[in-house]
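Morning, everyone. Please bring the structure up on your screens, and we'll walk through it together.

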Amino acid sequence: MKKLILVVIAICGYTVATAQEIKLGIKGGLNLCTLVGSDESRMLVGANLGGFVEIKTSEKLSFQPELLVSIQGARTDGYTKQLKYLYIPLMTKYKITENFNIQAGPQIGLLTSAKYNNYEVKDRYNSFDFGVNLGVGYELSENMFLEARYCKGLTQTQKDLYPGDITTKNQVIQFSVGYIF
């Protein structure tokens with residue numbers, strides 16, 4: 001974990017040092033999420049909200065670290081699992097056209113709350129979530145944009161409490177609108 005943090009700091013430092021332009025912004029939107037691995041899991045509607053720094057490294061390429069609060073989870077007959085995370089996505093954006101971009105990058109998340117039918121059950125879930133993101137963005141104007149992103153969790157959400165427990169991982173489709181200052 002320490003090596004990963006050092007690598008991220010080194011990449012961020014290099015990116016900032018070679019940056020042509022730095023912009024700050026906010027974004028928020030809708031999450032359509034589920035927990036993959038549970039046969040009975042149905043989609044839960046959640047939300048995402050946060051800020052970002054867009055660091056332009058060339059005319060078409062930029063690096064965008066973000067800090068997002070994300071409400072995720074899943075529904076089944078009779079119960080709801082709601083997981084709240086503080087995520088740090090590290091996105092690389094490539095402009096295909098003047099207004100359209102594609103995005104990809106890893107994210108690490110810290111679990112801040114876990115509820116099962118409104119009962120706190122955070123101790124049954126892993127504190128960290130690691131995943132990968134793929135997305136697209138469209139700039140409506142110089143300051144406004146729309147994004148759609150698929151987030152695939154790579155780590156198990158629940159701790160192994162009992163032999164034979166179902167292994168579940170986060171899967172989220174995010175729709176966001178953002179403003180660049």
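Start with the fold. Follow the sequence and you read α-β-β-β-β-β-β-β-β-β. Keep in mind that this is a predicted model.

Next, the contacts. Take those between residues at least 6 apart in sequence: 59% of them join residues at least 24 apart.

The protein has 181 residues, and 37% of them count as buried.

Which residues make up the largest nonpolar core? There are nine: L35, A74, L83, Y85, Y87, L111, A114, V121 and Y125. Two elements, β4 (79-95) and β5 (100-116), each give two or more residues to this core. The largest share comes from β4, with three residues.

Stay with Y125, one of those core residues. Skip its neighbours within four places in sequence. What does Y125 contact then? The list is K81, L83, L111, A114, T157, Q158 and K159.

On to the rings. The model has four aromatic pairs. One of them joins Y179 and F181, edge-to-face. Their centres are 5.4 Å apart, with 75° between the planes. Are these two buried or exposed? Y179 is partly exposed, because its relative accessibility is 34%. F181 is at 61%, so F181 counts as exposed.

The charged end of K93 sits over the ring of F145, 5.8 Å from the ring centre.

That's my tour. Questions are welcome.

Methods. Residues numbered from 1 in each chain as written. Predicted model: local features only at pLDDT ≥ 70, side-chain atom pairs only at ≥ 80, totals over all residues. Heavy atoms only, no water. Phe/Tyr/Trp six-rings, centres within 6.5 Å; stacked < 30°, edge-to-face > 60°. Buried < 20%, exposed > 50% of the residue type's maximum accessible area, 1.4 Å probe, protein only. Lys NZ or Arg CZ within 6 Å of the ring centre and 35° of its normal. Core = buried A, V, L, I, M, F, W, Y, C linked by side-chain atoms within 4.5 Å. Helix = DSSP H or I, 4+ residues; strand = E, 2+ residues; numbered from the N terminus. Contact = heavy atoms within 4.5 Å.
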